[in-house]
Amino acid sequence: MTQQSQAVLGLLAQNEEQIVSEWLQEAGSASSRMTEAQRRTMQGEAVEIVRAVRSALQTGADPEDFRAQPWATLREVLEGLSRSRAAQGQSAGDTSVFVLAFKRPMFTALQRVVPDVKEQLAAVWTLSVLVDKMAQWTVTTYQATREDIIQRQQQDLLELSTPVIKLWEGVLAVPMIGTLDSSRTQMVMETLLEKIVETGATLAIIDITGVPTVD
């Protein structure tokens, strides 16, 4: 473990509560618009991140190699943070800002505990590299999560826009609205066939009067 990593680890081990408190203040948890439940959630996220960082540094993990195995737990914590905030509709920028706010209380603590300027600058650089990589990881995960959410929403919309309605015994209807491309056609046919098997219908009416374009 480098001397700089050792300094960062010592700060986290001895000043966790104070660092978390200052981190939350820096991240804006004191805002009057934030509920008590939201503050508790943010505090829990901060504590979990701090402990994951400390655990990785104790193994001698190199902050420059953030994709290495010792950082796996921290990456998982950050992924959970990103997924949670994406599901709540928060932006990637908000998530990244929260992680980056970890720097100020750590810098303040380093200035207080490490008197030598050169050692202080070296520790600040190590910490900056680590926190920047953490913020980048949250953005990457956030984007992937948002893409998954959008794809699921598109899938749900397709299913909602292709209803199969039972008109009478043995007769089904599929009213179509919007563009009918190959992907949507396949979904329509799969949904219709499932409904035919389920109901035993012998007649299916596909109404495409509301379809302006057929691919």
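Is glutamate 45 buried or exposed? I looked this up before anything else. Glutamate 45 has a relative accessible area of 14%. The cut-off for buried is under 20%, so glutamate 45 counts as buried. I note here that the model is predicted.

**Entry: the partner of glutamate 45**

I then searched for a charged partner. Glutamate 45 forms a salt bridge with arginine 85, at 2.9 Å from N to O. The two residues are 40 apart, and the pair links distant parts of the chain. Arginine 85 belongs to helix H4, residues 72-87. Glutamate 45 belongs to helix H3, residues 36-58.

**Entry: arginine 85 and the rings**

Arginine 85 has a further contact. Its charged end sits over the ring of phenylalanine 98, 4.5 Å from the centre. I followed phenylalanine 98 onward. Phe98 forms one aromatic cluster with Trp23 and Phe102. I count four aromatic pairs in the structure. I also looked for another charge over a ring. Arginine 75 lies over the face of tryptophan 137, with 5.7 Å to the ring centre.

**Entry: other salt bridges**

How many salt bridges does the structure hold? I find seven. I took two more of them in turn.

Lysine 195 and glutamate 198 meet through their side chains at 3.8 Å, N to O. Both lie in helix H8, residues 182-199. They are three residues apart, about one turn of the helix. Lysine 195 is partly exposed at 24% relative accessibility. Glutamate 198 is exposed, at 61%. I noted a network too: Glu16, Arg51 and Arg54 are joined by salt bridges that share partners.

Lysine 166 pairs with glutamate 169, and their closest N and O atoms are 3.3 Å apart. Lysine 166 has a relative accessibility of 43%, so I log this residue as partly exposed. Glutamate 169 reaches 67%, so this one goes down as exposed.

**Entry: the nonpolar patch**

Which residues form a nonpolar patch on the surface? I list Ile165, Leu167, Trp168, Leu203 and Ile205. Together they have about 490 Å² of accessible area. Strand E1 (165-168) and strand E3 (203-210) are the elements that give two or more residues to the patch. E1 gives the most, with three residues.

Leucine 167 is found in strand E1. Its relative accessible area is 38%. Patch residues need over 30%, and exposed means over 50%. Leucine 167 therefore counts as partly exposed.

**Entry: strand E1 and its neighbour**

I turned to the pairing of E1. E1 and strand E2 (residues 171-177) run antiparallel, joined by three bridges. What stands opposite isoleucine 165 in E2? I find alanine 173 there. Isoleucine 165 is also one of the patch residues.

The last item was the turn. The hairpin of E1 and E2 has two residues between the strands. Glycine 170 in this hairpin takes a positive phi near 85°.

**Entry: recap**

Two places go on my list for another visit. One is arginine 85, with its salt bridge to glutamate 45 and its charged end over the ring of phenylalanine 98. The other is strand E1, which gives three residues to the nonpolar patch and is joined to E2 by three bridges.

Note on methods. Residues numbered from 1 in each chain as written. Predicted model: local features only at pLDDT ≥ 70, side-chain atom pairs only at ≥ 80, totals over all residues. Heavy atoms only, no water. Patch = residues over 30% accessible without salt bridge, like charges linked within 9 Å, V, L, I, M, F, W, Y side chains within 5 Å. Areas by Shrake-Rupley, 256 points an atom, 1.4 Å probe, with all protein chains shown as cover. Salt bridge = Lys/Arg side-chain N within 4 Å of Asp/Glu carboxyl O. Helix = DSSP H or I, 4+ residues; strand = E, 2+ residues; numbered from the N terminus. Buried < 20%, exposed > 50% of the residue type's maximum accessible area, 1.4 Å probe, protein only. Phe/Tyr/Trp six-rings, centres within 6.5 Å; stacked < 30°, edge-to-face > 60°. Lys NZ or Arg CZ within 6 Å of the ring centre and 35° of its normal. Pairing = 2+ DSSP bridges.
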